[in-house]
Protein chains: 4
Amino acid sequence: MQCVRVWRELRPLCRAQLSAWASTRTQSQAAGTRLDLSGIYPPIATPFTAEEEVDYQKLEGNLKKYAQIPFRGLVVQGSNGEYPYLTEEERVEVVRTVRRSLPGDKLLMAGSGCESTRATVQLTEKMAAAGADVVLVVTPCFYKGKMDSRALIQHFTKVADSSPVPVVLYSVPANTGLDLPLDAVVTLSQHPNIHGLKDSGGDISRIGLIVHKTKSQDFQVLAGSAGFLMAAYCVGAVGGVCALANVLGREVCELERLCVSGRWEEARVLQQRLIEPNAAVTRKLGVPALKQAMEWFGFHGGACRSPLQPLSEAEALQLKRDFSTNGWL
Amino acid sequence: MQCVRVWRELRPLCRAQLSAWASTRTQSQAAGTRLDLSGIYPPIATPFTAEEEVDYQKLEGNLKKYAQIPFRGLVVQGSNGEYPYLTEEERVEVVRTVRRSLPGDKLLMAGSGCESTRATVQLTEKMAAAGADVVLVVTPCFYKGKMDSRALIQHFTKVADSSPVPVVLYSVPANTGLDLPLDAVVTLSQHPNIHGLKDSGGDISRIGLIVHKTKSQDFQVLAGSAGFLMAAYCVGAVGGVCALANVLGREVCELERLCVSGRWEEARVLQQRLIEPNAAVTRKLGVPALKQAMEWFGFHGGACRSPLQPLSEAEALQLKRDFSTNGWL
Amino acid sequence: MQCVRVWRELRPLCRAQLSAWASTRTQSQAAGTRLDLSGIYPPIATPFTAEEEVDYQKLEGNLKKYAQIPFRGLVVQGSNGEYPYLTEEERVEVVRTVRRSLPGDKLLMAGSGCESTRATVQLTEKMAAAGADVVLVVTPCFYKGKMDSRALIQHFTKVADSSPVPVVLYSVPANTGLDLPLDAVVTLSQHPNIHGLKDSGGDISRIGLIVHKTKSQDFQVLAGSAGFLMAAYCVGAVGGVCALANVLGREVCELERLCVSGRWEEARVLQQRLIEPNAAVTRKLGVPALKQAMEWFGFHGGACRSPLQPLSEAEALQLKRDFSTNGWL
Amino acid sequence: MQCVRVWRELRPLCRAQLSAWASTRTQSQAAGTRLDLSGIYPPIATPFTAEEEVDYQKLEGNLKKYAQIPFRGLVVQGSNGEYPYLTEEERVEVVRTVRRSLPGDKLLMAGSGCESTRATVQLTEKMAAAGADVVLVVTPCFYKGKMDSRALIQHFTKVADSSPVPVVLYSVPANTGLDLPLDAVVTLSQHPNIHGLKDSGGDISRIGLIVHKTKSQDFQVLAGSAGFLMAAYCVGAVGGVCALANVLGREVCELERLCVSGRWEEARVLQQRLIEPNAAVTRKLGVPALKQAMEWFGFHGGACRSPLQPLSEAEALQLKRDFSTNGWL
């Protein structure tokens, strides 16, 4: 009923808008410029020095290793990149650094979401100028009680209208306390410059329904976690942005390959072994655990910026167990 | 960490218990009595007369129609059966009635969960005596703050110890406000008389992990909704208890067949068309909607017991739309 | 907006109903039969034997002690009475037992809420016949998604229409996952047989607003916990149903006296010392803690029915600390 | 138990720290520099031009009017100031502007909370340099799963250690999805530069307990809303930061006066009339409603920055009704 009401209010606006979008889309599709997002992306972590400065050297060290893994690209400043702890200058500089190292066939998807629309518009432009191929725009969330479909559709429309590069929507309720409403996703999927959604909520019925209801838009859904990656492929997602890919990148890409080639039995065995370590580096123990596990697997992790704390001893043991009982350590 | 603590407290108890269980299990498995739960079950609705009495005649009418659909069996008094609104006598009598009609090769799974352990033990016995092949035991939930793994393991162990028939655990957080904790499921999966779990929460990573961690127990997971049925099969579930199967029974069984035979592309198309009507008759509009949709598809639905109210006109329209836009009406 | 919609649907019904109620009320008020609920009530615990049978003897032992405390009455089968673990026969028998012991000037308020309207109507009659002066009717909650104002107004209206004794509404979201909506309370406050509300949610703005919006109805609000008793008096409540009164009955009555006589400074000092022990025997450690604390203060507590477990050693220590650091042990 | 664990880990740290704090405190208290925070503060709104630029002229217009109301001071960049939508430069410039207008006997409390500790430390210094008498520091919240007592105690301790002006903690779960844990508040209350807490959660038992457990620290609690202002005074708070004071400033100050002078009966009548308009401009309809109501009462409100949307017609009607039915319009 909520949807119905919103739609009624938006209808006059939307009719005009959608037909404008539609014509643009036809052109861009005719020109073959629709971006293929399918594949696996690690949402890379940001290494810091002992003084909590961004450690660009260590970052480049990680990038070299990632270059050897068949990723579709990298997400810079997803939730695991501690982006809320970076200044705007740092956010842009990290993207610039990644751009320099990234092979030309890999996509650079940069997080450019801010709380206000105007700040998001501006950061989106800077990210594009710094070399982002795509921007990933998280839902604003501080005034969560007011972030209904009407407000979110306006926000993302303004951002996408002005963005020089394609936009991917980003819903991550564990951090924002807010799920981008389904009806907003469906409406926004019709915008010619909104190419997809990263959904980290993990409600698999919702993901299946989004694929179903945006079928005619060539709209692409990326799973926001390795924990439900296989299930997401199963209902129609085209890839994943997976924190665990920072640690077990080859394995996550192997899971992708098995799903895409329809080898579901093998995929299931691998998927099941990834759930527990994935939960450990995300929901259960967070970014400090992700960075700790990166160290074990040959990457630069290190400490987080404060107020994120290092793992306690008990947490580190738990983390180790979640990898070892599944045969990864 | 919660799990660890609970396990420490339970370890002395469990060592002894588990080895006792283990020996029983070996015997029962040797004897080939392990029950195969795989397949689709509608959790049948309870029809009422205009005076809100159980309408056994209409119930039998529905049973005749269900007999022609390739269900594995029926669930009597799952959440959709309005069991909290039935007296104990009615609950047993409904099971007795279903038993009389049900073909011998179909399973009768009867809900026997109550708030107290003693009441659950007693009703479980009555259900078995009335002809249930299996009992489905929901988590007690009124004192949710105290229903931790320790309490729930004790509860289900006592019930399973004394039950004359196999037990299936039942976790349905939308109604109970409580998710049966993963560590409790894993511990309970080792009980020789606990054969599986109906999980209605829909967290697909959790379902995959439960399958993974109970692999050695021949423990069977049933999806508690048609909305995530395909995804559940994909990560290792063996069947589903699906409200929607009361309405679109053949279609849900067809989805099962496609999943089981590995025809995932066809399965996906069908699954996607089932999500929205499924949501309408469960989470969105509830049992009154399920019963309304049953009427449209040739079954007896009718009114619910009070305080459940009939659908408003707007809700009925919404329901119709959710079926028609997916091509079912 | 929700309220507005509901009201529109209910208006035709309600106009007629309210005017009917109004005339009844006038008569009953003219006849001076409006019940004064003001004061403190312990929601008494139910003692069990080692075999988990109701221990009527120990119950009577407690009643004798309570008789010496200036309570307004007793609540039999509030949440702390483990009523969801009692059979209907036990529920009625406990009320009968209390009636026999209770001095004539004390009120007996008996919980008669069930999930279905018809069961609630029947149990209400039995409770009245067993000697209840008032019934306390909890919100049905299993189908929480459907328990909107429309359903709840219908439910409580039917119960109140047929109840031989006055009805008090009961909202306890920690157990039911459901807050009786404000607009439903306001509508129901106009029913001549609904005399008040026990609100255990503790949202003090809501309590103040309920008092404000039912001012013309002589509707009485009882705080459902000693943790916010003083604040509730401050915004217009007339009493409290407080688990802690089972343990520190005199002290809770003393707090009432200080509030009622406007000695707020002294009240504040006492109130502050009661918050932590109150939290311990309710939200934090639950009924097992309440019963343990009762033992320390000379009452019969004992074990709970399964699945409620006895306190662990660590929990018992925590409980003791929460009483001793506030000077009660 | 959580608290116990945290405390154990923190004990070595804290012993040293607390004794260091203790000596500082003695000095500062001896020197009589402890800041008296008691009284009412409007958390002022930020007016914008049609182009969404900060409208400093309208801001000064409002300040002139506020100067005639007996506020204790102003909160600049609480949640109602749309601070997450301002750049750092704007945040500081707004404080500078307020400082110029504010009479010398009024406190300027400036929000300086950011997600990272280092950004909060820096902004705190800038706010002090711009003329803030006190800073209000909100809990970081993006990584809510990791913001436990350990992390938050470290964060606030570092900020308070380096802040040139007194610090007030700020807990606002409706926006942050996070309640500053009680044990963290109690520990932090012992820091000589942390003078109080603004609690917008509204759990009155918690507020009473915080007052009780920090009694020896001269720690001051401010209610974060006019909806529970009287109840908060009643359990020991010393003032309030109330969105509604932007609209009905004199009335909120009158409520303060009645509470402080013990005229509880009159206070109750006034408090009850303020709950509904307060809810309308906060939880129910948010900052756009606050700004709309400001217009009705002679202040500059105007539009919010995007993505906050203007009220719909229905919402504006609802807002008007919530003021008029309580006699304010």
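Is C:Ala245 buried or exposed? In this predicted model, C:Ala245 is buried, because its relative accessible area is 0%, and buried here stands for under 20%.

**View 1. Chain C meets chain D.** Let's begin with the whole interface: 27 residues of chain C are in contact with 27 residues of chain D. The size of an interface is often given as the accessible area lost when the parts come together. For chain C and chain D the buried area is about 2,400 Å², and 60% of it falls on carbon and sulfur atoms.

**View 2. Polar and charged pairs across the interface.** Here you can look for the 14 residue pairs in polar contact across the interface of chain C and chain D, with both partners at pLDDT 80 or more. The two chains also share two salt bridges. One of them is formed by C:Lys213 and D:Glu276, whose closest N and O atoms are 2.7 Å apart.

**View 3. The helices on the chain C side.** Which elements give two or more residues to the side of chain C that touches chain D? They are helix H8 (204-213), helix H9 (229-235), helix H11 (264-284) and helix H13 (313-324) of chain C. The biggest share comes from H8(C), which gives seven residues. By type, the residues on this side of chain C are 13 nonpolar, eight polar and six charged.

**View 4. The axis between the copies.** Two copies of a chain are related by a rotation about an axis and a shift along it. For this pair, chain C is superposed on chain D by a rotation of 180 degrees with 0.0 Å of shift along the axis, at an RMSD of 0.0 Å. This is the relation of a two-fold axis. To find the axis from chain C, look for C:Ala231: of the residues of this chain, its C-alpha comes closest, at 2.5 Å. The copies meet through the same surface, because 100% of the interface residues of chain C are also interface residues in chain D.

**View 5. Back to C:Ala245.** Our opening residue sits in the loop between strand E9 (239-241) and helix H10 (249-260) of chain C. Leaving aside residues up to four places away in sequence, C:Ala245 touches C:Ile40, C:Tyr41, C:Pro42, C:Tyr66, C:Phe71 and C:Val252.

Methods. Residues are numbered from 1 along each chain as its sequence is written. Chains are lettered from A and ligands numbered from 1 in the order in which they are written. This is a predicted model: local features need pLDDT of at least 70, side-chain atom pairs count only at pLDDT 80 or more; totals for chains, interfaces and linings use all residues. Side-chain values use heavy atoms; hydrogens and water are left out. Contact means heavy atoms within 4.5 Å. Buried area is the accessible area (1.4 Å probe) that two parts lose on being put together, summed over both. A salt bridge is a side-chain nitrogen of Lys or Arg within 4 Å of a carboxyl oxygen of Asp or Glu. A polar contact is a pair of N or O atoms within 3.5 Å; within protein, one must be able to donate a hydrogen and the other to accept it, and residues adjacent in sequence count only if both atoms are side-chain atoms. Helices (H or I, at least four residues) and strands (E, at least two) are DSSP runs, numbered from the N terminus. Ala, Val, Leu, Ile, Met, Phe, Trp, Tyr, Cys and Pro count as nonpolar, Asp, Glu, Lys and Arg as charged, and the others, Gly among them, as polar. Copies are superposed by least squares on the C-alpha atoms of residues with pLDDT of at least 70 in both. Buried means under 20% relative accessible area, exposed over 50%, partly exposed in between (1.4 Å probe, protein chains only).
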